[in-house]
Amino acid sequence: MSETPAESPANPDFDAMTRDIAEVPAVEVIVTVAVNLMSAAAVKLGLTEEGDEHKDLDEARKLVHALAGLLDATATEISSFHAAPLRDGLKSLQLAFREASLVPDEPGQGPGEKYTGAIYG
């Protein structure tokens with residue numbers, strides 16, 4: 001018995017995916033994206049068990065900057081219950097980036113600092 005094209009792994013069932021995402025509140029989608037950005041940034045900063053194996057500060061900069069932009073853009077859309085831990089995580093990533101950089105950015109010029117203000121550490 002063969003699979004139909006709509007059900008094969010190469011062709012996911014987008015109608016089912018659309019129905020599933022339609023049931024998810026926007027705040028949950030925003031938080032999930034933020035957590036994914038945080039996790040990816042942590043890997044690129046070498047903060048995981050593998051350490052420096054995946055460290056790439058150029059990639060980390062992009063991810064931290066995107067996270068800061070997302071949190072800035074959604075500040076009025078998500079409650080402080082959700083926003084506070086995300087902001088704390090962002091600040092931790094920004095500090096880790098500053099510590100990992102051989103030539104630190106000037107205050108206010110680090111990743112995401114145009115949204116958060118200068119990070120000192």
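Mentor: Let's start where α3 meets α4: Leu57, Ala60, Arg61, Val64, Leu67, Ala68 and Leu71 in α3 touch Leu86, Arg87, Leu90, Leu93, Gln94, Phe97 and Ala100 in α4. Contact here means heavy atoms within 4.5 Å, and helices are DSSP runs (H or I, at least four residues) numbered from the N terminus. By class, that contact has 11 nonpolar residues, 1 polar and 2 charged. In this sorting, Ala, Val, Leu, Ile, Met, Phe, Trp, Tyr, Cys and Pro count as nonpolar, Asp, Glu, Lys and Arg as charged, and the others, Gly among them, as polar.

Before going on, keep in mind that this is a predicted model, where local features need pLDDT of at least 70 and side-chain atom pairs count only at pLDDT 80 or more, while totals for chains, interfaces and linings use all residues. Residues are numbered from 1 along each chain as its sequence is written, and side-chain values use heavy atoms, with hydrogens and water left out.

Back to the pair. The axes of α3 and α4 come within 10 Å and cross at roughly 155 degrees. Axes are lines fitted to C-alpha atoms, for helices over the stretch in contact, and angles run from 0 to 180 degrees between N-to-C directions. That makes α3 roughly antiparallel to α4; the cut-offs are under 35 degrees for roughly parallel, over 145 for roughly antiparallel, 65 to 115 for roughly perpendicular, and oblique for the rest. The crossing of α3 and α4 is left-handed, meaning the near helix is turned anticlockwise from the far one by less than a right angle (clockwise would be right-handed).

Now look at α4 from the side of α2. Helix α2 covers residues 26-44 and α4 covers residues 80-100; they pack at about 15 degrees with their axes 11 Å apart. α2 and α4 are therefore roughly parallel, and their crossing is left-handed. Val27, Val31, Ala34, Val35, Met38, Ala41 and Ala42 in α2 meet His82, Leu86, Gly89, Leu90 and Leu93 in α4. This contact of α2 with α4 has 10 nonpolar, 2 polar and no charged residues.

The remaining pair is α2 with α3. Their axes come within 8 Å and cross at roughly 155 degrees, which makes α2 roughly antiparallel to α3. Among the residues meeting here are Ile30, Leu37 and Lys44 in α2, and Glu59, Leu63 and Leu70 in α3. The contact of α2 with α3 has 15 nonpolar residues, no polar ones and 2 charged.

On a 1 Å grid over the protein atoms alone, a pocket is an open set of points with protein on both sides within 12 Å along at least five of seven lines, a cavity is a set where a 1.4 Å probe fits but cannot get out, and lining residues have an atom within 4 Å of a point. Points are joined across faces, edges and corners, and a volume is the space filled by probe spheres set on them. The largest share of the pocket lining, 5 residues, comes from α4, and the lining divides into 8 nonpolar, 2 polar and 3 charged residues.

There is also 1 cavity of 30 Å³ or more. About 40 Å³ of space lies in the largest cavity, and α4 supplies the largest share of its lining, 3 residues.

Methods: Helix = DSSP H or I, 4+ residues; strand = E, 2+ residues; numbered from the N terminus.
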